[in-house]
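Thanks for coming. I have one structure to go through today, so please look at it first and I will then talk through the parts in turn.

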Amino acid sequence: MSEHAYRDAGVDIDLEAAAVKALIGQLSYRRQGAYPMLGKVGHFAGLIDFGPVALALAVDGVGTKMLIADHQQNWKTVGIDCIAMNVNDLYVMNLEPIAFVDYIATDRLSLEKMTEIGIGLNEGARQANMNIVGGETASLAGLVNGLDLAGACLGVQQKERIITGEAIRPGDLVIGVPSTGVHSNGLSLARRIAETHDGYDQEIRPGRTLGEELLTPTRIYAEVPAITAAHEVHGMCHITGGGLLNFTRLSDFGIAITDPLPPQQVFSWLQETGGVSEAEMYRTFNMGMGYALVVPPDAADGIVRDLPGAKVVGSCTEEPKITLRGIEIS
């Protein structure tokens, strides 16, 4: 498989970034009067000035993980993924998720699918302590082939408690927090590898097939607000599509990952079976680190103590590039 395996599987990270930049470049209008936008477009969530507090909006979906759920005939956890991909983007800015709406687009309705999706959405809302206040289901035969699940999340926070990454400085330490596996990104590449190497039913660790591993729901990092309340944190990152490149959304400084968290077995299987380079793996998947905090050095020990499984994985650098053990990830 080529050095650009994710692009060859149908997802061009560089083109996607350019396309998003082209779209954002046209979004020049700003509301007149009360409740203006805070900050700029492009962070993990968008902020709205609401007096002493800021409201926040995030939107995301499950993506091609739905195709794996279809293959496995198991849709009970994809609702958790949908919630997680949204609320984790709010936690990054120290925002509290309070309400969610889902959007389902499908070529045909299935009561079984809708019931199981509802089970996952309800569990995700429970983990995030959040209301699901509504949603929309659209039957779009001819436009949609299958079922797409997405949603949008509303968050809130006192303005002075919002964390944007502006406080990040060279010398800060990066604390990695474990993922539960692949989460909901990189599945186009994972599916390509699976479908060209004997499918989803092979056992890749005792008692667990590849299909089951890929359906492991995205971790909801609901413990983060307690950490930010007890410790100084300069910035946070949700490691989603693009892997380590997500750190570029936080500041103009660089990040050097020198001692990464150990990836779960599923990543080793995908890399070895698919012949994917280490750099490509780290710019496609979370590689065992689903979330990260950038903190002053004197806060690191306390945060690692209070976050089970977390550890210092690197540091912030003056040079504006992302590196893994000295190798640039670009």
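Predicted model: local features only at pLDDT ≥ 70, side-chain atom pairs only at ≥ 80, totals over all residues.

The strands concerned, β1 and β2 (residues 46-50), pair in the antiparallel sense, over two bridges.

Now the sheet around that pair. It is open and has six strands, in the order β1-β2-β3-β6-β4-β5, and its pairing is mixed. At the edges are β1 (37-38) and β5 (131-139), each of which pairs on one side only. Helix α4 packs on this sheet, where it touches β3 (53-61), β4 (96-106), β5 and β6 (147-158). The direction of α4 makes about 30° with that of β6.

Staying with α4, how is it placed against α5? Helix α4 covers residues 78-91 and helix α5 residues 111-128; their axes are 6 Å apart, at an angle of about 30°. Angles under 35 degrees count as roughly parallel, and α4 and α5 are therefore roughly parallel to each other. The crossing of α4 past α5 is right-handed. On the α4 side, the contact is made by V78, G79, I80, C82, I83, V87 and Y91. From α5 come I117, G120, L121, E123, G124, A125, Q127 and A128. Sorted by class, the residues in the contact of α4 with α5 are 10 nonpolar, four polar and one charged.

Next, the other sheet on my list. Seven strands form this open sheet, with mixed pairing and the order β10-β12-β7-β13-β11-β14-β15. Its edge strands are β10 (235-238) and β15 (327-328), and each pairs on one side only. Strand β14 (residues 322-324) pairs with β15 over two bridges, in the antiparallel sense. Within β15, I327 is the residue that stands opposite L324.

Last item, aromatics. How many aromatic pairs does a search of the whole structure find? The search gives three. Take Y35 and F50: their ring centres are 4.6 Å apart and their planes are at 25°, so the pair is stacked. For reference, planes under 30 degrees apart count as stacked. This pair links distant parts of the chain, 15 residues apart: Y35 is in the loop between α2 (13-24) and β1, while F50 is in strand β2. That brings us back to β2, the strand that pairs with β1.

Definitions and conventions:
Residues numbered from 1 in each chain as written. Heavy atoms only, no water. Axes fitted to C-alpha atoms, helices over the stretch in contact; angles between N-to-C directions. Helix = DSSP H or I, 4+ residues; strand = E, 2+ residues; numbered from the N terminus. Parallel < 35°, antiparallel > 145°, perpendicular 65-115°, else oblique. Left-handed = near helix turned anticlockwise from the far one by under 90°. Contact = heavy atoms within 4.5 Å. Nonpolar A, V, L, I, M, F, W, Y, C, P; charged D, E, K, R; others polar. Pairing = 2+ DSSP bridges. Phe/Tyr/Trp six-rings, centres within 6.5 Å; stacked < 30°, edge-to-face > 60°.
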